[in-house]
Amino acid sequence: MNASNAYALSPPSPNTSLTIVGASSTLGKLIIPDIPKLLPHYKSITLVTGPTNKSFPDLKKLLPSATLQTYTEFESSSARCPNTDCLFITPPSSFASYSSTLTSLLPKFPPPSTITLISSAGVYGNLSGPVTSLTPLSSTPTPRQSNLQSGESAILSHPNGYIIRLAGLWTSTRGPHRYWVENGSVKGDPSGGVNLLHYSDAATAVIKCLSNLRTYDGEERVVLVSDGQGTVSRKNICEVTVKSRKWKGKRVMPEFVGGETKRGRPEKEPERVYIPSGELLEGWEGGRSFEDGMS
């Protein structure tokens, strides 16, 4: 499904409040400190965490003026949030029904409020070749992809709903590289390409989209964000990791298993490259490469 041009848009946003659901996530904590300087039109900010308030002290340090809510408080409130933009970061795995959860958001944020969903580029599936924000999604999705698609569809049913699809997120201590070198083995083609995006670069991309949304009057509803550096092979990711300052001397090169045909020949995977794209991303400077970020 290519929903980026499927719905009409309201005029540019006059909204002066922002609600972030999933504020205590890694991405949320990187976005929050920059809001006063880079998104100064937001005069009132509400940060929604998980089911408990244990992250409240950390969030207060990041933005003392913010109003804090647990997700339970947020969900149970029937109050509408007029003239409020919503940024929804919490991943599908946190909910029994992702699409139902997102559908319940819609009446809370009536137009001209906007809802921006942080989604995953994994929604595209095993496509090959260049992939952009306008690339149609698979008509035969896996269960995970179907869950992502249904969630995105819920948001796009809102007149001012937007989707930001992110490539594989990482830091020096988070991401597939950590799992691979700690586990000691990697399943899949060693030369198989992975599209990556550093968490900090994802944060700047999201902020740029929210900033552009302030005056946006175009028709595109979907943004795709990767580092723009092309794919990195699994083998290269592991080589860079074990040589990096964080991991050098602590882990060795993992073994590659699987990823072979019945005849024992390497099984090649479709090569797909996520191209940073979408009108709302205009002005974003791009991301760092995995090698530069790990050095």
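A residue is buried under 20% relative accessible area, exposed over 50%, and partly exposed in between (1.4 Å probe, protein chains only). Glu-182 is partly exposed, with a relative accessible area of 37%. This is a predicted model, where local features need pLDDT of at least 70, side-chain atom pairs count only at pLDDT 80 or more, and totals for chains, interfaces and linings use all residues. Residues are numbered from 1 along each chain as its sequence is written, and side-chain values use heavy atoms, with hydrogens and water left out.

Side chains of opposite charge can pair when their charged atoms come close. A salt bridge is a side-chain nitrogen of Lys or Arg within 4 Å of a carboxyl oxygen of Asp or Glu. The whole structure holds four salt bridges. Arg-178 and Glu-182 form one, with their closest N and O atoms 3.2 Å apart. Both residues lie in helix 7, four residues apart, about one turn of the helix. Helices (H or I, at least four residues) and strands (E, at least two) are DSSP runs, numbered from the N terminus.

Arg-251 also meets Glu-182 in a salt bridge, at 3.9 Å from N to O. This pair links distant parts of the chain, 69 residues apart: Arg-251 sits in the loop between helix 9 (234–243) and strand 14 (255–257), Glu-182 in helix 7.

Another salt bridge joins Asp-201 to Arg-288, with the closest N and O atoms 2.9 Å apart. Asp-201 counts as buried, at 7% relative accessibility. Arg-288 is partly exposed, at 33%.
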